[in-house]
Structure formats: structure tokens, C-alpha cells
Amino acid sequence: MIVTQISVRPGEAGDLPVLTALYNHYVEQTHVTFDTHPFSVEQRRGWFSHYASAGAHRLLVAEVGGDLVGYATSSKFRDKTAYDTSVEVTVYVRDGAARGGVGSALYTALFDALHGEDVHRAYAGIALPNDASMALHRRFGFAEVGTYREVGRKFGRYWDVTWLEKPV
């Protein structure tokens, strides 16, 4: 899918039904998230509440023609205070909308938003194989840190996760 007009904005509570459905596709159909049971919109409210329109923890959504087609987040990396200047980032694009520039638009806006915030490093964990996600992260300056072998089990098999980092 090649799109010409992608708009990116902060996520809003009204986006939760679409965000939940988008994510549940990955839960039910792919290995890219290790969640194994789909979520209800109500269950995702807690997840949504972690994000703000300013600061290090953001949720941005992409729209094409008024339809929400993806989202990106920067989240707390770990609970200990010393990790506060690190974030874990992720991007999800609606099934059928990949390779149309949505992920790039989301990450461009996310890293622009993080510029000037007290964020030193961004980390991303990618369940393998996922060539498209690896390519996206490399385009944004991420470098491999290492791979956890067979760290997650889903769909009756074990999956590796490669971790990447990027200075912010």
C-alpha cells in the first residue's frame, strides 16, 4: 500500500476501539507480540492511561483519509528510577497498510516529539523473524544489542527476540 497523505497526532481515548482491534490482530494472528489473548477495550484503558501528550511516554496515531492505520508508543523501559531516561518504543501498523510509509511517519513524529525531552536512549525488542520491522528500526538509526534465544513461546513454538537501541 502506498499512501500519499499520512497525518500523525496524539492518541485519544476515543481511538481505543480501533487501537484495540489493530493490536488484537497481532495478538491473534502473529508472533510479533507475546500477548496470547485478545484484549477488550476496557482492558486496554490501563495501557492507554500511561501515555501523555507531553513528556517521554507518548502514544501517536497515524491516519490516512480519516482512518486510523497505525500507532507508535514510547513507554517506560523498566520500573527502576535509574532507567527513567530510557524508553521502549514500538510501532504497529494495521494489517494491509504496511510498507506504505505509515511506520516511518509514526517514528519520525515520535522521535521529533521526544527531542528535547529527558530521554537518552530508545530500545526496541523485535520478535524474529520480522524483516520489515528490523529494516524500519535500522532506517531510524537503531543498532542491534543482542538476541534472546527462544525467549517466548507462542503458537506452540519458541521465538527469538532481538533488542536494538538508539541514542535520542
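## A buried tyrosine

Tyr71 counts as buried because its relative accessibility is 1%, and buried means under 20%. This is a predicted model. Tyr71 belongs to strand S3, which covers residues 67–76.

Leaving out residues up to four places away in sequence, Tyr71 touches Leu19, Leu22, Tyr23, Arg44, Trp47, Leu59, Leu60, Val61, Thr90, Val91, Tyr92 and Leu106. Between Tyr71 and Leu114 there are 43 residues in sequence and 15 Å in space, C-alpha to C-alpha.

## The sheet

Seven strands form an open sheet in the order S1-S2-S3-S4-S5-S7-S6, and their pairing is mixed. At the edges are strand S1 (7–10) and strand S6 (143–154), each of which pairs on one side only. On average, and with direction ignored, neighbouring strands of this sheet are turned by 25° against each other.

Strand S2 (residues 58–64) pairs with S3 in the antiparallel sense, over seven bridges. Leu60 stands opposite Ala72 of S3.

Two helices that pack on the sheet can be described next. H1 touches S2, S3, strand S4 (86–93) and S6, and its direction makes about 80° with that of S3. Helix H4 (residues 131–139) touches S4, strand S5 (121–127), S6 and strand S7 (157–167), and its direction makes about 165° with that of S5.

## Helices H1 and H2

Helix H1 (residues 16–29) packs with helix H2 (residues 41–48) at an angle of about 100°, and their axes lie 10 Å apart. H1 and H2 are therefore roughly perpendicular to each other, because angles of 65 to 115 degrees are counted that way.

In this contact, Leu16, Pro17, Leu19, Thr20 and Tyr23 of H1 meet Val41, Arg44, Arg45, Trp47 and Phe48 of H2. Sorted by class, the contact has seven nonpolar residues, one polar residue and two charged residues.

## Nonpolar cores

The largest nonpolar core has 26 residues, and Val89, Tyr107, Phe111 and Phe142 touch the most other members. At least two residues of this core come from each of S2, S3, S4, helix H3 (102–114), S5 and H4. H3 supplies the largest share, six residues.

Another core lies apart from this one; it has 14 residues, including Leu16, Leu19, Val27 and Leu59.

As for Tyr107, with neighbours within four places in sequence set aside, this residue is in contact with Ala72, Val89, Thr90, Val91, Leu136, His137 and Phe140.

Conventions
Residues are numbered from 1 along each chain as its sequence is written. This is a predicted model: local features need pLDDT of at least 70, side-chain atom pairs count only at pLDDT 80 or more; totals for chains, interfaces and linings use all residues. Side-chain values use heavy atoms; hydrogens and water are left out. Helices (H or I, at least four residues) and strands (E, at least two) are DSSP runs, numbered from the N terminus. Buried means under 20% relative accessible area, exposed over 50%, partly exposed in between (1.4 Å probe, protein chains only). Contact means heavy atoms within 4.5 Å. Axes are lines fitted to C-alpha atoms, for helices over the stretch in contact, and angles run from 0 to 180 degrees between N-to-C directions. Angles under 35 degrees count as roughly parallel, over 145 as roughly antiparallel, 65 to 115 as roughly perpendicular and the rest as oblique. Ala, Val, Leu, Ile, Met, Phe, Trp, Tyr, Cys and Pro count as nonpolar, Asp, Glu, Lys and Arg as charged, and the others, Gly among them, as polar. Two strands pair if DSSP finds at least two bridges between them. A nonpolar core is a set of buried Ala, Val, Leu, Ile, Met, Phe, Trp, Tyr and Cys residues joined through side-chain atoms within 4.5 Å.
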